[in-house]
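Please open the structure in your viewer and keep the selection panel at hand.

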Amino acid sequence: MKIEMIAFDADDTLWHGEVHYRDALEDFKKILSTWGEPQTIDETLYEIEMKNLPLYGYGVKAFTLSMLEAAVKISESNVSGKEVADILSLGRSMLETEIVLYPHVKETLEVLAGSFPLMVITKGDLLDQTGKLSRSGLERYFPLVEVVNEKTPQSYQSVFEKYNIDQNSILMVGNSLRSDVVPILALGGKSVHIQADTTWEHETVPGFDTSQEGYYSIEHIGLLPDLIKKIQQYEV
Ligand SMILES: [Mg+2]
């Protein structure tokens, strides 16, 4: 089926995202260095993040709460007020950090926006995600923006139904196999995976079958217009 709409993931597809979590994690380990070993801190935080996901969802605020919970656990409730304040300011600075676009993003959107309606589908905190989009300078390319709690076939389906978009005519572009590729292929759409420099462990899919219909992969977003041309040649 012909591509009628191109949807983009935002974090680590249009701009850098995971690197801020990695940097914050390093600072968090320094703040807690009197209470635990780096590896224990890593593991404890990840465990707490996974436990909290269904209640807190994704994003910096959820991450900050999980850091605080991990600090209490690792320090056996002895974490100081100063350390708590440092953790809070870590989270705050993540929310205010400068948006750094991946190379080729602007030119690619400029080219594609001339031929397709473009949409952003991202997950996480509404205020943070829409704020990043407006700070990125990319807002004008995306007439449709959706922030969802979780990227599943059901949540994508509701988005497509809301705008009366045929799910088979969607091309989704993103860095996460788990969130941007697998659910879209399950709905019969097409998906282009772009490997980011850093990907959160939670977003990987070990043993993913790359021979599936509708799956494409490119090294960077600048290669997208040519790939779309090729895909369109075989579609009627
Ligand atoms: Mg992403």
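The model is a predicted one, in which local features need pLDDT of at least 70 and side-chain atom pairs count only at pLDDT 80 or more, while totals for chains, interfaces and linings use all residues. Residues are numbered from 1 along each chain as its sequence is written.

**Whole protein.** Display the cartoon: the secondary structure comes to nine helices and six strands. Helices (H or I, at least four residues) and strands (E, at least two) are DSSP runs, numbered from the N terminus. The radius of gyration, taken over C-alpha atoms, is 19 Å, close to the 18 Å from the globule rule (2.2 Å times the number of residues to the power 0.38) for 236 residues, so the protein is as compact as a globular protein of that length. The C-alpha trace spans about 65 × 35 × 30 Å along its principal axes.

**Two domains.** Colour 5-16 together with 101-233 as domain 1, and 18-96 as domain 2; these bounds come from an automatic or database domain assignment. Their C-alpha centres lie 29 Å apart. Eleven residues of domain 1 are in contact with ten residues of domain 2, where contact means that C-beta atoms, placed from the backbone, lie within 7 Å.

**The largest nonpolar core.** Next, select A7, F8, V120 and V173, which touch the most other members of this core of 31 residues. A nonpolar core is a set of buried Ala, Val, Leu, Ile, Met, Phe, Trp, Tyr and Cys residues joined through C-beta atoms within 7 Å. A residue is buried if 20 or more other C-beta atoms lie within 10 Å of its own, exposed if 12 or fewer, and partly exposed in between. Among the elements that each supply at least two residues of the core are β1 (5-8), β2 (118-123) and β4 (170-174); β4 gives the most, with four residues. Which residues does A7 touch, not counting those up to four places away in sequence? They are M119, I121, I170 and M172.

**A separate core.** Select I31, I41, A70 and V79, which are among the 14 residues of another core, lying apart from the largest one.

**Strand β5.** Finally, select 190-194. Five of the five residues of β5 are buried. K190, V192 and I194 point one way, and S191 and H193 the other way. β5 pairs with β4 in the parallel sense over four bridges, pairing requiring that DSSP find at least two bridges between two strands. Select L171 as well: it stands opposite K190 in β5.

Terms used: Two residues are in contact if their C-beta atoms, placed from the backbone, lie within 7 Å.
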